[in-house]
Amino acid sequence: MFDNILIYFVVIPVLMLAGLGLCRDVKQVRTVAVVGSLMLMSLSIWVLCDYLRLRAGGATEPMLYTGSWMWFAPLNIHLAVGVDGISIAMLLLSSIIVFAGSFASWKIDMPKEFFLWLILLSTGVFGFFISIDLFTMFMFYEVALIPMYLLIGVWGSGRKEYSAMKLTLMLMGGSAFLMLGLIGIYYHSSVGGEHTWNLLEIAENNAIDHDWQNFLFPLTFVGFGVLGAMFPFHTWSPDGHASAPTAVSMLHAGVLMKLGGYGCFRVAIYLMPQAANDLAWIFLILTGISVVYGAFSACVQTDLKYINAYSSVSHCGLVLFAILMLNTTAMTGAIMQMLSHGLMTALFFALIGMIYGRTHTRDIREMGGLMQIMPYLAVCYVIAGMASLGLPGLSGFVAEMTIFVGSFEHADFFHRAFTIVACCSIVITAVYILRVVGKLLFGPVQDDHHRQLTDAVWWERLSTVTLIVCVAGIGCFPNFFVDLIKTTFSPEIFTVLGLN
């Protein structure tokens with residue numbers, strides 16, 4: 001087992017948990033968190049480089065670094081792992097945000113306990129992205145969700161108990177739908193006369209009957225869609241983000257919500273392609289509403305976290321919207337949007353946490369003139385805002401343009417009309433981003449106490465610079481990431497969709 005490099009994406013967080021348990025002071029806790037997150041980021045970069053080397057050398061398997069070890073024989077459950085270009089992109093995103101979040105939480109209260117739960121959440125995230133066994137994937141999915149209740153309920157702010165309970169109940173409801181869908185997939189997919197949980201085996205054999213696909217597809221898509229903040233199941237997201245501590249908001253919006261999009265992409269679409277073609281129009285309507293509704297809702301908020309939370313509803317809705325277009329260009333844009341949104345929303349939440357830690361308010365009506373007081377944080381906020389509204393040269397532009405071009409490839413009125421509606425979200429996004437930037441950073445200083453505030457310190461600068469470099473890197477060198485993602489669409493596993 002340990003000769004498979006992917007296993008270490010779970011082993012390293014488990015070792016971090018053990019190390020945190022042995023820590024006796026804050027300095028040791030910080031050391032474990034930073035060293036462990038740096039190891040995870042280095043591992044993801046190494047896997048990326050080696051994956052590209054193998055593909056360039058002629059490797060054509062649907063997934064590389066595959067391995068499978070029997071876990072529970074009566075139900076044919078395996079600890080099965082493997083990655084393709086999309087999985088590696090998600091692993092890289094997760095490791096970067098965990099690394100940046102470690103520095104953003106430098107001054108957190110009860111750091112030992114906080115990082116224990118945060119790393120447990122990270123263990124679930126990494127395990128989810130490397131799993132190709134549906135049962136194991138669901139297990140890691142739940143491991144990623146469970147710590148959220150305590151992270152928000154204990155270290156959060158505002159109505160933290162209400163937000164934590166609301167988030168937990170709604171996500172557990174989504175998990176119930178998802179569990180029913182996955183059990184149905186298992187019992188209605190037979191390979192060689194034996195039921196299987198293995199993603200590759202089910203997809204390659206197109207094992208699920210068409211009628212059962214039409215029943216199971218809504219269960220799995222809604223199950224994952226709840227985590228992806230799909231309308232009308234999005235209401236947990238703004239409250240959860242608003243109450244969560246900084247690093248939890250970064251990891252939650254930047255990575256955890258991507259489990260929803262990735263799950264819809266990897267499980268619902270690929271394993272049930274006929275149902276996806278039949279039923280995509282229903283969910284296109286819901287995700288189209290998410291895109292516009294989230295943007296309009298952000299326009300009327302005054303709390304910085306609520307603004308970014310509703311912005312996340314809009315951007316994550318765009319991910320699901322693009323996936324449902326069922327063509328290569330739009331799906332590539334969806335993955336690019338997951339990367340872009342993950343990085344820029346993590347940057348937003350990090351900056352909001354840093355500003356709140358100084359001003360002790362998130363109400364934009366009580367702030368102003370911060371550009372002259374804390375210019376570094378102000379400039380970083382402008383960069384994050386420009387990425388969100390799709391400024392060329394930053395990641396948001398590349399992702400959204402790819403989605404809209406791919407969506408407009410459909411020649412029928414229905415798809416093109418909803419594409420135009422989704423495009424309108426760009427204008428709405430510009431409204432609330434420019435409104436916040438103008439109110440927050442420019443104009444007169446609203447509180448004389450704010451004149452004594454300090455700018456970012458070294459650990460805050462390291463966290464924000466890491467994310468800004470990545471946002472600019474995707475915007476300036478998009479072909480690298482597009483080529484990485486498109487290696488996923490050539491193997492046989494995806495031909496069942498008839499992708500063009």
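Is the crossing of helix 4 and helix 5 left-handed or right-handed? The legends below take up this point and others in a predicted model.

**Figure 1. Helix 4 packs against helix 5.** The crossing of these two helices is left-handed. Helix 4 covers residues 111-130 and helix 5 covers residues 134-145. Their axes lie 7 Å apart, and the packing angle is about 155 degrees. Helix 4 is therefore roughly antiparallel to helix 5, since angles over 145 degrees count as such. On the side of helix 4, the contact involves L120, L121, T123, G124, V125, G127 and F128. Helix 5 contributes M137, F140, Y141, V143 and A144.

**Figure 2. Helix 3 is largely enclosed by the rest of the structure.** This helix runs over residues 85-104, which makes 20 residues. From its first C-alpha to its last it reaches 29 Å, close to the 28 Å expected at 1.5 Å a residue. Of the 20 residues, 19 are buried, so the helix is largely enclosed. At the start of helix 3, D84 places a side-chain oxygen within 3.2 Å of the backbone nitrogen of I86.

**Figure 3. The side chain of S189 reaches backbone oxygens of I185 and T196.** S189 sits in the loop between helix 7 (160-187) and strand 3 (190-191). A polar atom of its side chain lies 2.6 Å from the backbone oxygen of I185. The side chain of S189 also reaches the backbone oxygen of T196, at 3.5 Å. The relative accessibility of S189 is 0%, so this residue counts as buried.

**Figure 4. The loop between helix 9 and helix 10 holds A229 and P232.** Helix 9 spans 210-227 and helix 10 spans 236-243. A229 is not a glycine, although its phi is positive, at about 60 degrees. With a relative accessible area of 0%, A229 is buried. In this view, F231 and P232 are joined by a cis peptide bond, with omega about 5 degrees.

**Figure 5. Y65 has a positive phi in strand 1.** The strand covers residues 64-72. Phi of Y65 is near 60 degrees, a positive value in a residue other than glycine. Is Y65 buried or exposed? The relative accessible area of Y65 is 16%. Buried means under 20%, so Y65 is buried.

Definitions and conventions. Residues are numbered from 1 along each chain as its sequence is written. This is a predicted model: local features need pLDDT of at least 70, side-chain atom pairs count only at pLDDT 80 or more; totals for chains, interfaces and linings use all residues. Side-chain values use heavy atoms; hydrogens and water are left out. Helices (H or I, at least four residues) and strands (E, at least two) are DSSP runs, numbered from the N terminus. The expected span of a helix is 1.5 Å times one less than its number of residues. Buried means under 20% relative accessible area, exposed over 50%, partly exposed in between (1.4 Å probe, protein chains only). A polar contact is a pair of N or O atoms within 3.5 Å; within protein, one must be able to donate a hydrogen and the other to accept it, and residues adjacent in sequence count only if both atoms are side-chain atoms. Axes are lines fitted to C-alpha atoms, for helices over the stretch in contact, and angles run from 0 to 180 degrees between N-to-C directions. Angles under 35 degrees count as roughly parallel, over 145 as roughly antiparallel, 65 to 115 as roughly perpendicular and the rest as oblique. A crossing is left-handed if the near helix is turned anticlockwise from the far one by less than a right angle, and right-handed if clockwise. Contact means heavy atoms within 4.5 Å.
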